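Opening the notebook on a new model today. I want to go through the aromatic rings, then the helix packing, then the sheet.

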Amino acid sequence: MRRRLIGASTEGAGLRHVLTGQSLLVVGAACAQVLAYSPRALGLQSAWWLQALAATVLARSVGRVATWRRGAWLGWLYGTAWFAAATAWLFISMHRYGGLPAGLAALAVLALSAFMALGLAAAMALFVAWRRGRIVVDALLFGALWLLAEWARGVLLTGFPWAAAGYAYVDSPLAALAPWGGVYGIGAVAACLAAGVGLARTVPMAGAALLVGGSVFGGVSLLGARDFTAGAGEMQVILLQGNVPQNEKFLPSNLLSQLTWYGQALEAAGDGLVVAPETAIPLLPSMTPASYWDNLRAAFDRPGRAALVGVPLGTERQGYTNSVVGLSAQTTGGALPSYQYSKHHLVPFGEFVPTGFHWFVRMMNIPLGDFNRGDLDQPSFAALGQRIAPNICYEDVFGEELAARMVDADRAPTVLANLSNIGWFTPSLAVEQHLQMSRMRTLELQRPMIRATNTGATVVIDHRGRVTASLAPYEQGVLRASVEGRAGTTPFAWWAGRWGLWPLLCLALAAIAAIRRLPRSP
C-alpha cells in the first residue's frame, strides 16, 4: 500500500511538473508571437515564423494532454497571454489618460484578455475530446476549431478581432491567399500546418510535416498573388498628421492651436485630396467659429481640390456621431458639406458603453459617451475621378464590413481612406499593429488605402499591401504622394460582402462534423 501511495505521489508530482512546464511554455510562446504583428517596430521585415512557432507549441502541448479540462486550461492560458500582450496598450489609455489606478487598469486588461480567451479554451477542449489519433485528420480538426474560435472573437458581442493570427502573415507567401479567404482563412491554414508539426509523434513525422508545410508555402509563393482588380487612374493625396498629445487634445487652451494648424494645412495643401485624421477638428461645427468653415468651403470650392476631415457631428437632441465630412466643389453649397460619413463600428467603452458597465466608465476621466451608429454601406466620396470610402479608427479591422461596400460594382470604392487617432494608446506597438491590419485589408480587397492619423502611422498602401509613402510617427507633418485607384472584385470581397463571415462558420462546422464521423485510431 505504501509503495502505491509513494508511486501515486511521485506520478502526481511529475504530472504537476509537466503541466507547469507546459503552462509556462504556451504562455511564453503566446507572448512572443505578438512581435509578429509589428515586426517593423523591431527592425524586422517580417516575423511570421513567430506565430507559426507559437501555434506549433500550443498544438504539441494540447496534443500531449489526456483530458479536455487540461486542453481547455492550456488554450485559455495561451489565449489570455496572447491577447494581453497584443492589447497591453489599453493600459495606457485607462491609466495615463483615464486616471484609473495602475493596478486596476492592468487588471482590466487582464480580465478582458481572459474573457476573449474563452473561445480558444473551448476550441482546445473540443480538440482533445474529438481528436482521432491521425496526424492529418487531427491537424485539420485543430485548424477548423482555431477558425471557429477566431470567428467567435471577431463576430460575437460586436467583435474584437485585433491581432488575429493571419495578420502575422502579411509579409509571407500565405499573403497570396488573402484575396480568397481573408485574414481568417490565412490563420486557419497556418494553424493546420503548425498543428501538423506539433502533433507529430516522431522526428521523421515532424520532418514530413515540415516538408508539407514548406511545399504549401513554396507552392503559394510560386503561384503569387493574382490581380482581380485593375487600375482606375491616379490621384494626388496630401495626408495631415497633427501629432496632438492626447492629454492636450480637448483642453480649451490647446483648441485654438489645433484649429489653426489644421485649417492652414488644409487651405495651403494645393491640388489633390487632403485628408485630416479622426476628430482633427475636435469641436462640433456649432461650437466652431462660423468663419472657420466658411474659409474651408471657399478653399475647396474649386476644381482639382477635395478634402476629407474628421469631425464630430450632431446635436444633444439627435445624438452625436464620430464623422468625416467631404469638401469639394460639389459638396460645399450648404452650411455643412453635403458629404458626411458616420462611423458604423463603434468602440466599446470608447464610443458606446455596454449595458451594466457605466460604473467602470465613471471611474475614468475620459470624454466617453454613447454615439449614434452610421449605416454599414454608406456612399463613397466621389472626387477627383475616384470613389473614396472613409473608415474611422479600427473600422478597418473588420474586413467583411469594408467588403460590404464592394457588392455594387457601380458604387464600389476605388480607394479606401482610414482616419484614426491612436494617440490614446501611444507610445506603444498599437501604431504598427494597426498598420499591419490595414495592409491586410488592401490584400483582401485589392484596393489602396491612405491613412491620415494623429500620431501615426500616416502612410499610403498600394493594393498589394506595400507601404509606398509614409511619415515618421509621433511627429507633426504633411505627406504628399500619389495613389492608384483600383476597380474590380476579389473573391473575398464577393462572398464576405454578401454574407459576412458566416461562410467561414459553416465551413468550420462542416469540417468538424465530417471529422467526427471518422473512427478513432486505435
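This is a predicted model: local features need pLDDT of at least 70, side-chain atom pairs count only at pLDDT 80 or more; totals for chains, interfaces and linings use all residues.

Entry 1, aromatic pairs. I searched the whole structure and got 19 aromatic pairs.

Are Tyr 78 and Trp 146 buried or exposed? Both come out buried. I then asked which residues make up the aromatic cluster they belong to. The answer is Tyr 78, Trp 82, Phe 83, Phe 127, Phe 142 and Trp 146. Trp 82 has a charge over its ring as well: the charged end of Arg 153 sits there, 5.4 Å from the ring centre. Elsewhere I found Arg 305 with its charged end over the ring of Phe 300, 4.6 Å from the centre.

I looked at how α7 packs on helix α16 (residues 502-516), and their axes come within 9 Å, crossing at roughly 150°. The crossing is left-handed. I listed the residues where the two helices meet: the α7 side includes Val 137, Leu 140, Leu 141, Ala 144 and Trp 151. On the α16 side I have, among them, Trp 502, Leu 505, Ala 508, Leu 509 and Ile 515.

In what order do the six strands run? I read β6-β7-β8-β9-β10-β11, an open sheet with mixed pairing. β6 (381-383) and β11 (467-470) are the edge strands, each pairing on one side only. I get an average twist of 20° from one strand to the next.

I zoomed in on β7 (residues 386-392) and β8 (residues 415-420), which pair in the parallel sense over five bridges. What stands opposite Pro 390 in β8? I found Ala 417 there. Last, I checked helix α14 (residues 430-445), which lies across β8, β9 (449-453), β10 (459-461) and β11. Its direction is at about 155° to β9.

Methods
Residues are numbered from 1 along each chain as its sequence is written. Side-chain values use heavy atoms; hydrogens and water are left out. Two strands pair if DSSP finds at least two bridges between them. Helices (H or I, at least four residues) and strands (E, at least two) are DSSP runs, numbered from the N terminus. Axes are lines fitted to C-alpha atoms, for helices over the stretch in contact, and angles run from 0 to 180 degrees between N-to-C directions. Contact means heavy atoms within 4.5 Å. Rings of Phe, Tyr and Trp (its six-membered ring) pair if their centres lie within 6.5 Å; planes under 30 degrees apart count as stacked, over 60 as edge-to-face and the rest as tilted. Buried means under 20% relative accessible area, exposed over 50%, partly exposed in between (1.4 Å probe, protein chains only). A charge sits over a ring if NZ of Lys or CZ of Arg is within 6 Å of the ring centre and within 35 degrees of the ring normal. A crossing is left-handed if the near helix is turned anticlockwise from the far one by less than a right angle, and right-handed if clockwise.
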